[in-house]
Amino acid sequence: MVAKTLFGFEDLLANELTQLGALHVKKGVRNVSFSGDKGFMYKCNLALRTAVKILKPIHSFNVNNEQDLYNKIYAMDWSQYLKPTGSLAIDATIHSDLFTHSLYIAQKTKDAIVDKFRETDGQRPNVDLKFPDVKINVHIDRRRCTISLDSSGDSLHKRGYKTATNIAPINEVLAAGLIMLSGWDGQCDFMDPMCGSGTMLIEAAMIACNIPPNLMRKEFAFERWPDWDVELFEKIEESLLGKTRDFHHKIIGYDKAPSAVSKAMDNVKNAQLEDFIEVRHEDFFKTQKAGENKLHMVFNPPYGERLNIDMETFYANIGDTLKQNYPGTDAWFITSNLDALKFVGLRPSRKIQLYNAKLESRLVKYVMYEGSKKGKYMNKD
């Protein structure tokens, strides 16, 4: 199988797969391939935090032109995956000089499959882009074509807990990956000081409690497959739930927009995590750290892409607030505004290159020391 992910998360995903028990784990770019049985495929869809799709390859071959592609897809036995009265959807990804138009390749694939059914059964499956019985993925790399069944359906970032979002919501897979890259292990308090609709808080709580991220999904694509085994699925769900753990610290979210706070609270409630997460209406720049204990902070400040703010002042305020009011804190945030980082006025101890959607971004870490060390480490750039 192949698990697809976001750029920069390949190591995290390979590690997740290994811990779940995958065999033959091999990293690619934005994907990790591995082996496992049907039950393991169910497990991956339920439990992987950094995967966006789990694909199950069913055939691969070399192609020389569009007609060659059509002939080879036509020659496959589609009856084991799809009924003539069923429905299908196809998406294609192309990295090839021979083929340049992914929509055309998807169209050609669809033609071959429905023509085959028409020939053998006298009727043909319909195209249904929203709720197909089978979702097919065509991947062409130079001349190599791989046909896979998409076992996930909708992208796995759609966890099912989010009913309300803000102007610039963070993708759930991206949020989980950032928190994992930050090394969060649930052993101290966690804060998102600009929490928006609460995604970071919810993902942090699920990581701390080892709750599978996709328990709340309405449906996975494999539930429409002919070999769908509901008993096996429920057994795997139960075994994953048996591995959840207690969490004895606080997860706190601030936002200065009342609308964001109420959306975050709704989403936390949907995720059934109210026992672990507290959301408050606060302006981060007017707050200070409560208590002496270590604090782990991960957030996604505005980039100026969709929210209109004065970047220079805003990022300087982030630096000042951390420096003056948050000793004993590891603060991580992601930004695609690489110029704005200069205004923070602190030296990051780590910088990781990532993408937020199509925006090249950096995940940066600032270590705020307690007491006497503070002056020594806080020299400005």
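A residue counts as buried when its relative accessible area is under 20%, and as exposed when that value is over 50%. The legends below describe close-up views of a predicted model.

**View 1. Serine S336 in the loop between β13 and β14.** S336 is found in the loop that runs between β13 (329–335) and β14. With a relative accessible area of 17%, S336 falls under the 20% limit and is therefore buried. K358 stands 22 residues away from S336 along the chain, and the C-alpha atoms of S336 and K358 are separated by 9.8 Å.

View 2. The protein is divided into domain 1, which covers residues 2–150, and domain 2, which is made up of residues 172–211 and 218–376. The centres of the two domains, taken over C-alpha atoms, are separated by 33 Å. To the contact between them, domain 1 gives 27 residues and domain 2 gives 28 residues.

**View 3. The largest pocket.** The largest pocket has a volume of about 1,200 Å³. It is lined by 36 residues, of which K4, T5, V29, R30 and N31 are the closest to its centre. Among the elements that give two or more residues to this lining are β1 (2–4), β2 (23–27), β3 (31–35), β4 (53–62) and β14 (350–356). Sorted by class, the lining holds 11 nonpolar, 14 polar and 11 charged residues. Because domain 1 and domain 2 both give residues to the lining, the largest pocket lies between them.

View 4. At the N-terminal end, D37 caps α2, with a side-chain oxygen of D37 lying 3.4 Å from the backbone nitrogen of G39.

**View 5. Helix α1 and the glycine that follows.** In α1, the buried residues are E10, L12, L13, A14, E16, L17 and L20. An α-helix has 3.6 residues a turn, so residues three or four places apart point the same way. The cover over the buried residues of α1 includes β1, β2, β3, α2 and α5 (172–181). After α1 comes G21, whose phi is positive, near 110°.

Key:
Residues numbered from 1 in each chain as written. Predicted model: local features only at pLDDT ≥ 70, side-chain atom pairs only at ≥ 80, totals over all residues. Heavy atoms only, no water. 1 Å grid on protein atoms, 1.4 Å probe; cavity = no way out; pocket = protein on both sides within 12 Å on 5 of 7 lines; lining within 4 Å. Points joined across faces, edges and corners; volume = space filled by probe spheres on them. Helix = DSSP H or I, 4+ residues; strand = E, 2+ residues; numbered from the N terminus. Nonpolar A, V, L, I, M, F, W, Y, C, P; charged D, E, K, R; others polar. Domains from an automatic or database assignment. Polar contact = N/O pair within 3.5 Å; in protein donor to acceptor, adjacent residues only side chain to side chain. Contact = heavy atoms within 4.5 Å. Buried < 20%, exposed > 50% of the residue type's maximum accessible area, 1.4 Å probe, protein only.
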